[in-house]
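Have the viewer open while you read.

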Amino acid sequence: MSKKSQNWDFIIEPQNSLFDLNLKDVWRYRDLLWMFVKRDFVSFYKQTILGPLWFFIQPVFTTIIYTFIFGGLANLSTDSLPQPLFYMVGITTWNYFSDCITKTSTVFKDNANIFGKVYFPRLIMPLSIVTSNLVRFAVQMILMITMMGYYAWNGANFHMTWAITLFPLLVLLMALLGLGLGLIITALTTKYRDLAFLVTFGIQLLMYTTTVIYPLSSAPAKYKTMISLNPMTGIIECSRFAFLGQGQLTWYTLGYSTVFTLVSLILGIIIFNKTEKTFVDTV
Amino acid sequence: MASAIKVENLSKIYRLGEIGTGTISRDLERFFKMKILKQEDPFLRIGEANDRATKGASDIVYSLKDINFEIEQGDAVGIIGRNGAGKSTLLKILSRVTSPTTGKINIKGRVASLLEVGTGFHPELTGRENIYLNGAILGMRKKEIDRNFDEIVDFSGVERYIDTPVKRYSSGMYVRLAFAVAAHLESEILIVDEVLAVGDAEFQKKCLGKMNDVSKTSGRTILFVSHNMASIQNLCQSCIFLTKGEINHIGETKEVINKYLSNQLSNTLKLSEIEERKGNKDLIFINGEIIGVNTDNLDSVESFSDFTISLEFKLINQLKISNFKIEIGINNNMGDRVAWISSNNIISHFDLLISNKITFLVKNCPLAPGDYTCSIFSEINNNISDWLQNVLPFAIVEKDYYNTGKSLPAGQGNILLNYSII
């Protein structure tokens, strides 16, 4: 005050406003995001024999098992769709969401070392996770489309619909939903560790509350609302409708998923930003 | 000149002994008092100075307390202090890795900080890929790295292995590459923690040279933490000396370093005040002093110079002394005995009954630079009379004994040899 006033580039203070999200900084560090994505991808298949093929193994085997148990033994309806195809769409989409949420939910724990040594907008890390999972998702989509081609060739009864144009939106919703929920969980687990145990287990259970292994149409009416409460239900139903022509696409459920996603994303970013400032001392 | 960094009333508290913030109830209490009743943070008031040796009444300590300073653009400033003085915390706050509890820091320009060498290096990736990754982590844009790539590789001297995964690198190569990336950051402020302790002497010199370059020719501001007074003196014009989280002294480097060296061990108790001792107390030590011949400072001695250890004592019971011993063991900071002197080994005319002070003169002390303590021991008529462990701390400070201008690497043994190549 006494001397000439100076313009500072930035000011470090104990608490910033809750809504000071520093998104400009995130944009400035966008190159770092790509570096992380590249690192994840490259380090994933280095020194493995099958390399990126591993991306296929998991959905293929899960589909086989589901076809055997839920299709073969339990005889659950698949809306007259070929069973493997029905499960494949559900599994691929659900996997993307669950990968996003589980990986982001340990961001602070996994990166405690690097976060403790250098500053960059912490949000870069979860964003890079969601993006590198997208690569994986894309590879699995190729598998799914190949399978669709195979079944179409054999004259199976399904067809793509106009809803395919909504697919980019669906992917975005899944990414942001996984990100938002993951951010909330990671922020909470830095303080109260026990939550971490819940995540893997909870995600697994959550899968059964949405329409991965059964179509919404076959659910008893009294459970339908409950199933629709899972924000992933609208998304999975919509992608099944888009790719296979069966599934209940209503603007109401999709709208619900969108609102749910946005709320959890905003909440997630705010909590994450608040935790990020002190987590180095608490982790 | 304009300021680059201005720190006002900076404090940082830590809670001891607990992982995480502790309990939900405490969080709630804090939240309730601060947000609802608009009171001060209830856990801030009971803080105390960060003194590791004594067990405090509260488990909340100040890691930094009311720090104020201003650094001008283009200055190279050293930060010194003992372990736990808050140096690293200060750097962490300045690098935005953690946030302060109270206070405010204004910064002009981009900050690049090097708290650790090779943060974020991925072992599976090649040197080339890691340069880009590490550069981006430190805040460089891709085109910036492209522009400096050749220079980075050149500086690191690992050109041949640039497409080899870094897990195959020797630790030296690893450090070289990592420092090379950081050294080429185009930021206005560079914050460097004690990272040069790793790597060989030649590379240390190269890094210091590079930092010197950075501060003198390109007018960038440097903050540098080190325990090596020689490199601080080489690089920095001014210095900040922290003790227990507070600024002890701030000013011109040489003056601050002297202050540091003389202060370093002066917070120790007089021997007579130490309670933890063994023996029948026929004789008790009441005071001790270590004086270096070439340094004016108490308790600090230049290596390869002479020093004296004097012990004042008191005979409690007037007894007939048929034999006695006074011994001093010198321990390094790991607690290992590195040397031992005893009145019993040499012939002298010293007599306990005549004098109340015994002084040992040590010539050409070959101990390596570092912190040491003494264990003092006395025996009269074959009975232990007084025995104190790990008292009289002193420092051996580095002197350019070999006349090379290079500083000696730490961790290379406890003694220096007088040698030459013939």
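The points below go through a few places worth a look.

1. Before anything else, keep in mind that this is a predicted model.

2. Let's start where the two chains meet. On the chain B side, 36 residues are in contact with 27 residues of chain A. Three elements of chain B, namely β1 (3-15), β5 (102-107) and α3 (127-137), each supply at least two residues of that side. The largest share comes from β5(B), with five residues. Sorted by class, the side of chain B that touches chain A has 14 nonpolar, 15 polar and seven charged residues.

3. Strand β1 (residues 10-12) of chain A pairs with β5(B) in the antiparallel sense, over three bridges. To find the spot, look for A:I11, whose bridge partner in β5(B) is B:N106.

4. Next, have a look at strand β8 (residues 221-225) of chain B. Five of its five residues are buried, so β8(B) is largely enclosed by the rest of the structure. B:T221, B:L223 and B:V225 point one way, while B:I222 and B:F224 point the other way, and all are buried.

5. Which strands pair with β8(B) in the parallel sense? One is strand β4 (residues 76-80) of chain B, over four bridges, and another is strand β7 (residues 189-192) of chain B, also over four bridges.

6. Nine bridges join β11(B) to strand β13 (residues 307-315) of chain B, and B:F285 has B:F313 in β13(B) as its bridge partner.

7. Finally, over to two helices of chain A. The axes of α8 (residues 167-191) and α12 (residues 251-276) come within 7 Å and cross at roughly 35°. The crossing is left-handed. Among the residues making the contact are A:L176, A:G180 and A:I184 of α8(A), and A:L265, A:G268 and A:F272 of α12(A). By class, this contact has 13 nonpolar, eight polar and no charged residues.

Definitions and conventions
Residues numbered from 1 in each chain as written. Chains lettered and ligands numbered in written order. Predicted model: local features only at pLDDT ≥ 70, side-chain atom pairs only at ≥ 80, totals over all residues. Axes fitted to C-alpha atoms, helices over the stretch in contact; angles between N-to-C directions. Left-handed = near helix turned anticlockwise from the far one by under 90°. Contact = placed C-beta atoms within 7 Å. Nonpolar A, V, L, I, M, F, W, Y, C, P; charged D, E, K, R; others polar. Pairing = 2+ DSSP bridges. Buried ≥ 20, exposed ≤ 12 C-beta atoms within 10 Å, placed from the backbone.
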